[in-house]
Amino acid sequence: MSETLIRQQYDQIADLYDRRWNTYITKTLSVLKNWADIAPEATVLDVGCGTGEFEQLLLTENPQQIITAVDISPAMLLVAKQKCRTYSHVSFQNASVSNLPFLNNSFDVIISASAFHYFDDPHGALLEIRRVLKPEGKLLILDWCKDYLSCQICDFILKFVDPAYKGCYTQKQFHSLLTSAQFNIERTTKFHFSLVWGIMIAEAKPQNYVTQPITP
């Protein structure tokens, strides 16, 4: 039900999204791109790609970057596809984080920016992300940080006015979700900008487990 509401909500605002959220998008995605330090040869999956702004940032620096991007809003994807129409090695698909249409161990890097607070089942989403991430790959997630008072206020209000919104987390809660999904946290940061936005980023890698032989 939540994903249906999110899809409807973002389909309605897709044409206005970049103008409405220009400052937020530019600031957060620029920080994420610089902090992520994605290798030019890496295969990248962007979960919740929206209008394709992160793809444009990567391609400006590395025009040959191989990127797959997914979102649950067809209208947002149409905007993204138009922006990246000259890049045949960039693909966009309508898909949910709960059911990614990719084989196990498919990507070197997985990115998710400002989408985690909409995930119905964050633990299940992280397990699905880990499934399609290569064992030596890295996950980078940017989202709102409830350590900041401004985000605590937004979190309280949005739970009443936005039926699709699920909630943001403190950095400690967020890290706990990552470790419970069998990720090792490699790096973290958080920052505040304007009067409202408190942001956190985490880089994590899959925990490597030795598969035990099955006893007959």
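The model is predicted, so local features need pLDDT of at least 70 and side-chain atom pairs count only at pLDDT 80 or more, while totals for chains, interfaces and linings use all residues. Residues are numbered from 1 along each chain as its sequence is written, and side-chain values use heavy atoms, with hydrogens and water left out.

The protein contains 7 helices and 7 strands, where helices (H or I, at least four residues) and strands (E, at least two) are DSSP runs numbered from the N terminus. Along the sequence these elements follow the order α-α-β-α-β-α-β-β-α-β-α-α-β-β. The C-alpha atoms occupy a box of roughly 55 × 40 × 35 Å along the principal axes. The radius of gyration of the protein is 17 Å, which agrees with the value near 17 Å for a compact globule of 216 residues; this radius is taken over C-alpha atoms, and the globule rule is 2.2 Å times the number of residues to the power 0.38.

Of the 216 residues, 50% are buried, a term that means under 20% relative accessible area, with exposed meaning over 50% and partly exposed lying in between (1.4 Å probe, protein chains only). Among contacts with a separation of 6 or more, 70% join residues 24 or more positions apart, contact being defined as heavy atoms within 4.5 Å.

In the largest nonpolar core, which has 44 residues, Leu32, Ile38, Phe92, Ile111, Trp144 and Ile199 touch the most other members. Such a core is a set of buried Ala, Val, Leu, Ile, Met, Phe, Trp, Tyr and Cys residues joined through side-chain atoms within 4.5 Å. A second, separate core of 30 residues includes Leu45, Ala115, Phe116 and Leu177.

Thr189 is found in strand E6 (residues 183-193), and it counts as partly exposed because its relative accessibility is 24%. With neighbours within four places in sequence again left aside, Thr189 is in contact with Trp35, Gln171, Ile199, Met200 and Ile201. Thr189 and Ala75, by comparison, are 114 residues apart in sequence and 32 Å apart in space, C-alpha to C-alpha.
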